[in-house]
Amino acid sequence: MADPSSTEQLEATVRQLTSTVASLTRAVEALSDEMQRARGESRTPSVPAAGVTPGSFTDVSGGLSGGTRRSTADPFPFHVDFIAGSLALPLSFAVMHPLDTIRTQMQAVVGTSSGSLANGMSSVTNGSGATNGFTTQLTRALRAAGAKVLSRGFFASVLGAAPQGGLRFGTYGVAQRWLDPYFDSPALRNACCAVAGDFASSLVKVPREVVVQRLQTGMYRSTLHAVGQILRTEGPLGLFTGYTSTAARDVPFMVVLFVSYEQFKSWKIRLSTHEQRIETLQSAHHHHHGETLSDAETILWGGISGALAGWTTTPLDVIKTRIMTADKVSDRSAAKVVSSLAAGGPRGFFVGAGPRAAWYAWMGC
């Protein structure tokens with residue numbers, strides 16, 4: 001039978017999350033309307049190349065003969081992208097924070113000798129040193145600390161996500177406009193721009209993750225306590241613990257995410273073109289390379305690409321989490337973390353892969 005106090009705590013947490021998500025949703029909708037108006041004002045018709053008549057296809061991917069190359073770079077100025085990112089990312093983090101908390105707790109203890117978190121919440125481990133499933137971890141976390149465990153680090157995560165998202169999307173848009181003339185492949189261009197955006201946002205992202213993940217594992221009582229203790233015992237550089245491991249995780253993640261998404265989109269367009277040519281031979285002279293995905297297809301393939309990128313980079317995420325949440329500075333060596341994980345077998349490197357894939361499936365949508 002459920003503990004009444006735990007039930008009340010869970011209901012309060014859900015109400016808190018719902019209220020925050022609703023506020024962010026309203027802000028995103030207002031900004032979306034404004035961006036739609038700006039999009040209509042800023043875009044001008046593309047000028048066809050010599051010998052290309054209106055109605056000929058426009059090549060959005062570049063490199064295809066017989067058409068013009070229209071820029072697919074972000075048309076919005078930095079401040080618009082910054083505002084959009086500072087609203088969108090907190091919304092995503094707010095919705096998925098409970099899932100992220102359990103993922104962090106699963107990864108923080110895998111391969112450790114004690115198999116327990118700083119707040120005494122022990123993790124069930126199997127013979128290979130890997131934690132048991134998501135449901136088991138969630139159940140034990142709720143029993144040990146109540147529903148409040150799912151909201152640990154919530155406000156630090158959401159507030160920190162605002163400047164992180166702003167810097168990421170703002171830099172992404174600027175990089176797109178700079179690099180667009182040099183890339184024929186939208187996938188590679190977007191991946192490079194995303195990496196640039198991530199590096200710019202890492203000035204906020206890494207300190208945010210250090211504080212939030214240590215709160216999620218019970219190392220500190222509050223955000224102020226966490227920041228104060230880190231600065232007092234480790235200095236300002238303590239907030240950037242795991243910076244290198246974070247970059248090592250995010251670069252391949254972005255490459256897999258954007259390359260897989262563009263490949264999925266390319267396969268869909270080729271299939272659609274083939275089907276249309278079969279249905280009507282008289283329209284065979286028309287080209288459909290400029291087709292875009294529908295909203296539903298964008299959500300589907302974006303989610304699949306996000307899940308794929310999240311799952312394949314889970315080993316790097318486990319290493320990063322272990323470095324950030326280690327109690328002792330001596331335990332924050334990447335080589336030492338890898339060695340302890342390897343001792344338990346390959347399964348330990350994929351702890352939390354399910355929650356991580358679900359997280360980025362949502363983000364990819």
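Of the 365 residues of the protein chain, 44% count as buried, a term for residues under 20% relative accessible area, while exposed means over 50% and partly exposed lies in between (1.4 Å probe, protein chains only). The structure is a predicted model, in which local features need pLDDT of at least 70 and side-chain atom pairs count only at pLDDT 80 or more, whereas totals for chains, interfaces and linings use all residues. Residues are numbered from 1 along each chain as its sequence is written, and side-chain values use heavy atoms, with hydrogens and water left out.

The protein chain contains 11 helices and 2 strands; these are DSSP runs numbered from the N terminus, with helices (H or I) of at least four residues and strands (E) of at least two. Along the sequence, their order is α-β-β-α-α-α-α-α-α-α-α-α-α. Among contacts between residues at least 6 apart in sequence, 76% join residues at least 24 apart, where contact means heavy atoms within 4.5 Å.

Residues of α2 including L89, F93, H97 and R103 meet residues of α11, among them P355, W359 and W362.

Within α2, H97 is buried, with a relative accessible area of 1%. Its contacts, not counting residues up to four places away in sequence, are L150, S151, R152, G153, F154, S157, V212, Q216 and W359. H97 and S151 stand 54 residues apart in sequence and 7.3 Å apart in space, C-alpha to C-alpha.

The protein chain exposes about 18,100 Å², of which carbon and sulfur atoms supply 63%; accessible areas come from the Shrake-Rupley method with a 1.4 Å probe, and for residues only the protein chains shown count as cover. L188, F199, V251, V255 and V259 make a nonpolar surface patch of about 360 Å². Patches are made of residues with over 30% relative accessible area and no salt bridge, with like charges joined within 9 Å and nonpolar side chains (Val, Leu, Ile, Met, Phe, Trp, Tyr) within 5 Å; a salt bridge is a side-chain nitrogen of Lys or Arg within 4 Å of a carboxyl oxygen of Asp or Glu. Helix α7 gives the largest share of the nonpolar patch, 3 residues. F199, in helix α5, is partly exposed, with a relative accessible area of 40%.
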